[in-house]
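This report concerns a helix packing arrangement and the division of a protein into domains. The sequence and structure are shown first.

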Amino acid sequence: MTIVGHLINGIRRTDAERTQDIYNPATGEVSKQVAIAPVAAVEDAISAAQAAYPAWRATPPAKRARIMFRFKELLEKNADTICELIGEEHGKIPHDAAGELQRGIENVEYACYAPELLKGEHSRDVGPAIDSWSEFQALGVVAGITPFNFPAMVPLWMYPMAIVCGNCFVLKPSERDPSAALYIAELLAEAGLPAGVMNVVNGDKVAVDTLLSDARVQAVSFVGSTPIAQYIYATATANGKRCQALGGAKNHAIIMPDADLDNAVNALTGAAFGSSGERCMALSVAVCVGSETQAAFITRMKQAMAPLRVGACSDRKNDFGPVITREHQEKVVGFIDSAEADGATIEVDGRHLRVAGHENGFFVGATLINNVTAGMDSYRQEIFGPVLQVICVESMRAAMDLINDHEYGNGTCIFTRDGEAARYFTDNILVGMVGINVPLPVPVSYHSFGGWKHSLFGDLHAYGPDAVRFYTRRKTITQRWPSAGVREGVEFAFPS
Ligand code: NAD
């Protein structure tokens, strides 16, 4: 059986404390195994990165960017292979995998712009014959720890910019679908990146804890669930590291009585069920303002859901695939059970879906739950499955209170034709990424991505301009070259 290993100092290795099964979620069968790195392998990766750092830091930014140009071309050339790897291990259908990869490539494109982003700030004559400037210097060895749901894109949020800024990187991808990240890292070597600048270790908590405790690692980027994000942030910062830790989500869409309902229903169908709802920007709650809006929304939503096709990624006509594991399938079904037990109405039930020819796959059908209330477990917690819950409130203010009171603040959107309402919403909603008639307001690569509240721990968001700040340290230099013969006297006052 294939063992998915590590890439350390440019060499594939399979050091393993033990191995863990990788499933094909569409068949439910074990397809490969992943090597779970022991501490020594992670330390080797950190050592390789540390050794590569001086030469890489000294490489001019334009040369580093040129490697990213070639990397982008290789990602495009090998897109089909990458999407197949994503499909085999994550279960994502091909056009969804291609969309994920495209968003990742856009981060590489932005990283190509690094020489401009690293130019710094300069002020001449801040005093007599004194000039001052700030420059942005690399940190050293930095690490990334990523989730299963975007096996290509989320790592690409991190290391292209980290590397182009002059750092060396150790990536710990999700052990549930690790192959895409490993394959992509090898493309970086093909693009001309020196060995050791980019390393991948596969593993679990042992690998993560090694990265968090090793003094040579200067900064940690994490994306995953909120409890782990909290742990990563607390541990990394306690160990003196810079950290950004992006967590879970519960994204609400407000449907106003004046909304273009066809647009809202189309948008929500894709945003709630696309990728089986396993997106941190998935819309999982529709908040209808007024009972008439609710009734019309439920009717149209049921019509939109009727033709949805769920199945394996091998059939391009499918709309979405399985969830990641049997355990996760049971968790999603458990949340639907709990909503029902709490008195919600199951309008469309995906619990008993059987996909012909894939009876053992980890499928959950698209599910619509009506009459949900704020106290229900299924509302408070992140389900991370193809489940849309509907809540009815009396006013826009009540809808906003619901969102602002929720633990998570990743993404949200409002469907309305009223510009004043939309403006009030964007001004006052406590969420990091906001859409107006846009269901998945994922920022483009030259903005930054991040939620509020328990959706992000740390100060700087992922990718975009914030990534340049996260992966560099500001240094401000002030210099004087007085003209020959000019001497100033001793001055005891604070320089001004
Ligand atoms: P996860 O938290 O289980 O795992 C994420 C990473 O942390 C993996 O690499 C995993 O190996 C590691 N990890 C898991 N348990 C650990 C532990 N006890 N100690 C140290 N490391 C540990 O998340 P997941 O299930 O892979 O991904 C889904 C979650 O990620 C969802 O909650 C989703 O909302 C979130 N997510 C958030 C964003 C965002 O931008 N905010 C983006 C994508 C996914």
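The model is predicted: local features need pLDDT of at least 70, side-chain atom pairs count only at pLDDT 80 or more, and totals for chains, interfaces and linings use all residues. Residues are numbered from 1 along each chain as its sequence is written, and side-chain values use heavy atoms, with hydrogens and water left out.

V42 is part of helix α1, residues 39–57 (helices are DSSP runs of H or I, at least four residues, numbered from the N terminus). With a relative accessible area of 0%, V42 is buried (under 20%, 1.4 Å probe, protein chains only). Leaving aside residues up to four places away in sequence, V42 touches A37, V201, A207, T210 and L211 (heavy atoms within 4.5 Å). Between V42 and V200 lie 8.9 Å in space, C-alpha to C-alpha, although they are 158 residues apart in sequence.

The axes of α1 and helix α8 (residues 205–213) come within 9 Å and cross at roughly 40 degrees (lines fitted to C-alpha atoms over the stretch in contact, with angles from 0 to 180 degrees between N-to-C directions). The contact is made by these residues:

| Helix | Residues in the contact |
|---|---|
| α1 | V39, V42, E43 and I46 |
| α8 | V206, A207, T210 and L211 |

The protein is divided into domain 1 (3–247 + 455–477) and domain 2 (251–436), with bounds from an automatic or database domain assignment. Their centres, taken over C-alpha atoms, are separated by 31 Å. The contact takes 22 residues from domain 1 and 25 residues from domain 2.

Methods
Helices (H or I, at least four residues) and strands (E, at least two) are DSSP runs, numbered from the N terminus. Buried means under 20% relative accessible area, exposed over 50%, partly exposed in between (1.4 Å probe, protein chains only).
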